[in-house]
Structures are given as C-alpha cells and as structure tokens.
Amino acid sequence: QPSVCGIQCGDGRRAASELCDDGNNFAGDGCSPDCAPEPGYECLGGTLTAPSECRPLCGDGLEVFGEECDDGNLDSRDGCAYLCDVEDMYYCSRAPHPGLNFSNISLALGSACQRTCGNGFVDEGEECDDGVVPDPLAIMNPLPAGDGPSSPYAPACKNCRAALGSVCGDGRRSNTSKVREECDDGNTRPGDGCDSLCQVEWGWSCQQTPHYVLPITGDACSTVCGDGIVVPGHEECDDGNAAGNDGCSERCIVEPFWYCRNSTSAGSLAGPSSCVETRPPKLFHAAFDATYARVVLGFDRDVAPLDPAAPDLAEFDCGVLFHPSSTMPQLGQGPACRFFSLRGATLLLGNDPTLRPNDVLDILPGVLRSRAFATAAAPAHAVRVNPANTGALKPRAVVIGPELVSPCVDAVFLDSAYSR
C-alpha cells in the first residue's frame with residue numbers, strides 16, 4: 001500500500017495552500033482550525049519549518065482578545081489609543097466580537113469612548129468605577145449602572161471595565177499574562193478540558209465565550225471525538241476517526257457487538273482504541289446434499305468450537321446446537337455433526353429421521369460464538385432446510401481423515417481447521 005500524503009492544518013508548518021498555521025487547531029487565537037486568519041487578527045510569516053504569528057489587528061473596529069478597545073481607527077487621544085489600549089480617564093464600550101451578534105452590543109462598529117471614568121460611580125455603560133486601583137484578585141460581578149460607588153469586592157477594574165484575565169480561573173482569557181491562557185473556563189480544576197494553568201488539556205477543545213457578556217461564564221470545553229485520545233469518564237473509545245460502524249461511533253461510544261481496547265489503563269489518557277467485532281455467528285443456510293442423508297450447514301461468521309474442552313476436534317454433539325424438542329427428534333437416532341470449515345458443518349442424519357425439505361432447524365440461544373472474539377452469543381434463531389441442488393438421488397462416498405482416494409471418485413471430503 002503506498003503512502004497517502006496530505007497537508008495537516010495545525011502542525012506549525014505553513015503550506016502553500018494555508019493562509020496561516022500557528023501550530024494548533026484552536027479557534028479564537030488568530031488562526032482558525034482551517035488555517036485561515038480569523039476576523040480581527042492579522043497573521044504574519046509561517047514557513048515549512050516555522051509557524052505563523054498572529055496578533056490582534058488594531059483599528060478594524062472588532063475587539064478580540066489582547067485588545068482593550070477598538071474604535072475603528074489608530075488615533076490616540078480619543079479614548080482608544082493606536083495600540084488599542086484604553087486611555088486614562090476614559091471608558092470605552094466593548095466593540096463587537098467577530099462572528100457574534102448579541103442584543104446588548106451596539107450595532108455601531110467599534111468602541112464608543114467617553115470621559116466619565118474615575119468618578120467613583122458606575123455610570124451608564126461602565127462595568128465598574130472605583131476611582132482607585134482595586135485588589136486584582138477580588139473577582140465578582142460588577143455593580144449595575146447607576147448604583148453608586150463600586151463595592152470594594154467588585155472585579156478588578158481598569159478604565160471602568162472589568163479586568164480581563166487578571167487571574168487564571170476568572171472566566172476570561174488573557175494574552176498578556178505571564179503564561180498565555182489557551183482557555184479559561186471559570187475555575188482551576190483539572191480534568192474538565194482547561195487545567196489549573198488555563199491550558200487546554202489533551203483530548204479537549206475549548207470554545208471562547210464572549211468576554212463582554214455578563215455574567216462571566218468562561219470557556220465551554222468538550223472532548224474531541226476522533227482525535228485518537230480517550231478521555232476517561234467522557235469517552236468510551238476513540239479510534240482516531242469520526243466514522244461509525246467500525247466499533248467506535250462518531251460520538252466515541254463503543255458500538256453494539258464490538259469490543260474496544262485502549263492503549264493504557266483506565267484513569268489516564270489513552271488511545272487510540274483498537275476495536276474488534278464480537279458479533280456472534282448465525283446459521284443462515286441449510287440444505288440437503290444429493291444423498292438426502294446429510295444436511296450441509298452454513299454460518300455467516302467463523303464459529304468458535306462448540307466443545308471448549310476439545311477445541312481442536314471437528315466433531316460436536318448435535319444436541320448442543322439444535323433445540324431438544326422441536327429439532328432433535330427430526331434428526332433420527334444417533335445423528336452426527338462435524339465442522340468441515342470455520343463456517344461450514346455437516347449434519348449426518350441418524351436412523352429413521354423425519355426431517356424433510358422446507359422443515360425448520362431451531363438453533364439454541366447462547367451457543368454460537370465468534371471464533372475471533374467470543375464475548376457474545378447468538379440468540380435463538382431458525383433456518384429452513386432447502387432441498388438438494390439436484391433432483392437425482394445417487395449414492396456418494398464420504399471420506400473422513402487422511403485416506404488415499406482416487407481423484408475420480410465422486411465423494412464428499414470432510415476436513416476441518418479444528419482437526420489435528
């Protein structure tokens with residue numbers, strides 16, 4: 001099989017067909033999961049040996065993470081400076097975030113700045129106003145507009161806006177902290193997609209929530225089904241694809257009649273899953289041979305030995321497979337059953353059988369199991385016996401075992417993978 005090569009977005013190697021590649025598949029950091037610059041950002045550089053660098057595009061009227069404001073221009077002394085920082089004594093409303101349109105966001109493009117910040121009152125449009133620099137660790141919901149001076153327990157306030165990303169776990173990502181936050185889900189608990197250092201955990205994806213909508217909810221994190229990483233407690237399996245009917249479903253749930261084994265023990269990250277089918281075989285065909293003294297049986301899957309005590313023997317007790325009252329009496333006295341392949345067997349009728357064409361063979365439940373992985377057994381089912389392919393009855397020799405027979409002899413040769 002020849003190799004199949006393709007471009008992998010997120011590997012930090014920008015190919016000619018990629019507009020950017022910053023080395024990850026996260027959204028909201030400038031380069032989209034499809035390796036295209038996101039609105040509000042510009043992405044520079046990127047080669048086959050180096051990733052792209054993306055940064056907020058100041059002056060476009062869209063506020064993204066890393067910007068305190070964006071009034072649609074690069075002028076200073078109007079409240080929003082040329083680097084998109086809010087100037088002292090100004091309050092600037094939050095500009096629209098690309099791709100989002102909430103009713104409490106002004107439809108006008110860009111931040112609206114006003115010189116009311118610092119009077120100690122939460123004026124219309126302001127999120128907070130202490131008149132002093134508050135404790136940055138006191139992160140709570142701001143006071144509603146017009147309620148007077150901000151509480152000493154109000155959120156960290158900068159330029160009359162709740163400080164963004166002042167600490168990990170406050171529900172707001174920060175691009176300016178010592179360790180760049182890849183996520184912030186409003187807590188510092190590991191195991192929920194965003195760890196205690198606000199880094200996205202393996203096997204998860206975190207989607208940013210609007211940082212200007214109150215109350216602050218934090219990122220929404222979910223496991224990534226199809227990445228080949230099994231997250232215990234959230235995924236039963238992950239075989240590295242999002243397709244179904246291969247043991248692990250598109251929702252990373254083990255499908256019926258399949259068993260999936262992960263590469264590491266439960267309780268830690270595992271994967272990719274290796275799945276094998278456990279669907280039990282069923283008898284799907286039965287027909288008399290030309291002698292009408294024997295019935296040839298066909299199964300839809302490889303059958304496990306019916307006698308666990310003698311797994312290498314082809315012979316098996318017919319009473320193990322067939323119903324004792326509806327089928328066994330029809331087979332006569334002393335019927336003999338034998339596998340001649342993993343999916344085929346013969347039923348040699350005993351003395352005085354009553355089985356006729358179009359009669360039904362009833363298979364007992366819990367007997368037939370897959371030879372490859374015998375964890376599930378077939379339920380009870382029935383198959384109608386077909387007449388022989390030829391209408392002419394003629395005797396036919398039956399050869400069992402290693403006997404020397406002329407190739408011209410019209411005979412049935414019984415051999416088996418079960419046999420020694």
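I looked up cysteine 225 first: at 23% relative accessibility it counts as partly exposed (buried is under 20% relative accessible area, exposed over 50%, partly exposed in between; 1.4 Å probe, protein chains only). This is a predicted model, where local features need pLDDT of at least 70 and side-chain atom pairs pLDDT 80 or more, while totals for chains, interfaces and linings use all residues. Residues are numbered from 1 along each chain as its sequence is written, and side-chain values use heavy atoms, with hydrogens and water left out.

Next I checked the partner. Cysteine 225 forms a disulfide with cysteine 252, sulfur atoms 2.1 Å apart (the cut-off is a pair of cysteine sulfur atoms within 2.5 Å). The torsion about their S-S bond is about 105°, so I noted the link as right-handed. Cysteine 252 is buried, at 2% relative accessible area.

Then I went to cysteine 237 and cysteine 248, which also form a disulfide. That one has 95° about the S-S bond and is right-handed. Both cysteine 237 and cysteine 248 are buried. My search of the whole structure gave 13 disulfides.

For contrast I looked up cysteine 5, which is exposed, with a relative accessible area of 74%.

Last, the sheet. I found an open one of five strands, order 11-12-15-14-13, with antiparallel pairing (strands are DSSP runs of E, at least two residues, numbered from the N terminus; two strands pair if DSSP finds at least two bridges between them). Its edges are strand 11 (283–288) and strand 13 (315–316). Phenylalanine 316 has cysteine 337 in strand 14 as its bridge partner.

Technical notes:
Helix = DSSP H or I, 4+ residues; strand = E, 2+ residues; numbered from the N terminus.
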